[in-house]
Number of protein chains: 2
Amino acid sequence: VTALIVYGRPEWRARWSACLHAHLPDLDIRTPENPGNPADITCLLGSIPPEGFAALYPNLRVIFSEGAGVDIILGLRLPPQVMVVRIVDDTLSAMMTEYIVWSVLTLHRNIPAYRASQTAHQWQRIPATLAANRRVGILGLGALGTDAAHALRRFDFTVAGWSRSPRDVDGVACYHGADMLDSFLARTDILVCLLPLTPETRGIIDAELLARLPRGAAFINAARGGHVVQEDLIAALDEGQIAHAILDVTTPEPLPPENPIWAHPGITLTPHVASIATPESASASIAENIRRLEAGSPLLHLADRSRGY
Amino acid sequence: VTALIVYGRPEWRARWSACLHAHLPDLDIRTPENPGNPADITCLLGSIPPEGFAALYPNLRVIFSEGAGVDIILGLRLPPQVMVVRIVDDTLSAMMTEYIVWSVLTLHRNIPAYRASQTAHQWQRIPATLAANRRVGILGLGALGTDAAHALRRFDFTVAGWSRSPRDVDGVACYHGADMLDSFLARTDILVCLLPLTPETRGIIDAELLARLPRGAAFINAARGGHVVQEDLIAALDEGQIAHAILDVTTPEPLPPENPIWAHPGITLTPHVASIATPESASASIAENIRRLEAGSPLLHLADRSRGY
């Protein structure tokens, strides 16, 4: 019988236990308070394993990440035998697509300007643009980026995507690699970041990149705060290169009350809520991977530790 | 040759002329400044015909309304031989669907609360709800309501609609008539008004109707200000029966700066911009109707003057 230890707040752990037991009634689920013999434990579930977990659980084989991003876990100097599994579930991408469609429509329909007009008690219309004439560009064409791109296409937005290696997404102009980044940026009115955070993509949204967008472009970050050089973004907003930014993620999180992002008129901020997996939706794929581990079969959705995602 | 007079601002009339001539090169387009012999004129295009137009243009047969709503034109005491044609075009419903999806996602994802948290510099998450557990109810299942319902279904919202007479919309629980209004309201978390404005629907959104929604429901009005008893809506917001309202329309328009709607923390306001037809998108169907008029065939998209829409 596989033993799995689950981290997180008690009510959250209870939801995970109930949902995992529905799929695997025999799974031996442990908690940090009652780990039993730590040498039994082969699986760990949580966003951030505790300090020194590798020494605590010498037979650990798999870490199941609770979020889509595995950058924090991969940054932990894992023992070589430990595999990291990303959560890929329908709820995760459905929630992210809701957030991306909401934020693209917010920018497309000039909602930040109407919010300012409401504050000023001014009835002031802005000429509308057809979605077909609005060019959205998605950085990152993994499961989340692809689902968001399809949803935006259904509104008739002109959508392109950029990824590290070549991709082919129906109805989406696909760019890849460093060489094609410039042409991708030059055709993008609304830039959406859904990249994984790796040493290569950390700080990718900097003054130089923002300057290659058309003047007055908008920016949405639903990936990681670490993708953005925040001072560069604020400078680009201040001088009008970027018209508005919608940020779900920041550095650090939570954002301290004195950080200038809070009060910047060009920034709409949400507290890292774009997309979270729920035990109800994610348990089936975790259970499937535990069955594969027990059968000695290859796991699904493994993070590639050398690429960092 | 049919003679049509077009009203509105000069640059707007120029766009209409160019687009209509692309479909009907021989159409005789007149302007209020140069109407020629007014007895020639059989068609009028505009949102609000001028005072006394019936006496001005004794042979008028058709008024083409620029917006989806024909309540203003039908309120004008038209001569019996004048037909009123609603604009039904893809752009009109595509823009309205963008607005409805934007506003439903805004409420579904708790954006008004996050906006307040940003103002207070507070990083405060709200547990998410799956779209499938969010019950949207659309008042009005015409072309606009049906298109919005389909788009919301693609996000997996649980969608119902209510209309005066029975309708059948795929994936949408359809209610109709006064008898079924109560059950429709009782199952609705987010109420969307897309009704035509008629003597029957004027003031329909009043204290009594709002009280029949579940406590803490939200309200979206993208139809007409006249549907809402504004004092009742504000009272329902103030005492918590309604959690938030997104209004694209008000009484009067433009809303005077001293009106309490502007500063109400529970109201998000846009200045009647949810949906407008453009000459580029609407000219084809107007041209088709002019051809039908010349051929003596029945016109499309006629407003029913007895029903008021």
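**Naming of elements in these views.** Helices (H or I, at least four residues) and strands (E, at least two) are DSSP runs, numbered from the N terminus. The model shown is predicted.

**Figure 1. The largest cavity draws its lining from chains A and B.** The structure holds four cavities of 30 Å³ or more. In the largest cavity there is about 40 Å³ of space. From chain A, the lining includes Ile111(A), Tyr114(A), Arg115(A) and Gln118(A). From chain B, it includes Trp102(B), Arg115(B), Thr268(B), Leu269(B) and Thr270(B). Helix H5 (111-119) of chain A and strand S12 (267-269) of chain B each supply at least two residues of this lining. H5(A) gives the most to it, with four residues. By type, the lining of the largest cavity divides into four nonpolar, three polar and two charged residues.

**Figure 2. Chains A and B are related by a two-fold axis.** Two copies of a chain are related by a rotation about an axis and a shift along it. In chain B, the C-alpha of Trp102(B) is nearest the axis, 2.8 Å from it. The same surface serves both copies, as 100% of the contact residues of chain B recur in chain A. Trp102(B) also belongs to the lining of the largest cavity.

**Figure 3. Seven strands of chain A form an open parallel sheet.** Strands of a sheet pair through backbone hydrogen bonds, either parallel or antiparallel. The strand order is S8-S7-S6-S9-S10-S11-S12 in chain A. The edges are strand S8 (173-176) and strand S12 (267-269) of chain A, and each pairs on one side only. Direction ignored, neighbouring strands of this sheet are turned by 15 degrees against each other on average. Strand S10 (residues 217-221) and strand S11 (residues 242-247) of chain A pair in the parallel sense over five bridges. Ile220(A) has Ile246(A) in S11(A) as its bridge partner. Helix H9 (residues 230-238) of chain A lies across S10, S11 and S12 of chain A. H9 runs at about 140 degrees to S11(A).

**Figure 4. Five strands of chain B form an open parallel sheet.** The order is S2-S1-S3-S4-S5 in chain B. Strand S2 (28-30) and strand S5 (83-85) of chain B are the edge strands, each pairing on one side only. From one strand to the next, the twist averages 25 degrees. Strand S4 (residues 62-65) of chain B runs parallel to S5(B), and three bridges join them. The bridge partner of Ile63(B) in S5(B) is Val84(B). Helix H10 (residues 279-295) of chain B packs on the sheet. H10 touches strand S1 (3-6), strand S3 (41-46), S4 and S5 of chain B. The direction of H10 makes about 170 degrees with that of S4(B).

Figure 5. Most residues other than glycine have a negative phi, and most peptide bonds are trans. A cis peptide bond joins Thr251(A) and Pro252(A), with omega about -10 degrees. The bond from Glu253(A) to Pro254(A) is also cis, with omega near -10 degrees. Pro252(A) lies in the loop between S11 and S12 of chain A. Pro254(A) lies in the loop between S11 and S12 of chain A too. Asp156(A) is not a glycine, yet has a positive phi of about 80 degrees. Asp156(A) is in the loop between helix H6 (143-154) and strand S7 (158-163) of chain A.

Terms used: Residues numbered from 1 in each chain as written. Chains lettered and ligands numbered in written order. Predicted model: local features only at pLDDT ≥ 70, side-chain atom pairs only at ≥ 80, totals over all residues. Heavy atoms only, no water. Least-squares fit on C-alpha atoms with pLDDT ≥ 70 in both. Contact = heavy atoms within 4.5 Å. Pairing = 2+ DSSP bridges. Axes fitted to C-alpha atoms, helices over the stretch in contact; angles between N-to-C directions. 1 Å grid on protein atoms, 1.4 Å probe; cavity = no way out; pocket = protein on both sides within 12 Å on 5 of 7 lines; lining within 4 Å. Points joined across faces, edges and corners; volume = space filled by probe spheres on them. Nonpolar A, V, L, I, M, F, W, Y, C, P; charged D, E, K, R; others polar.
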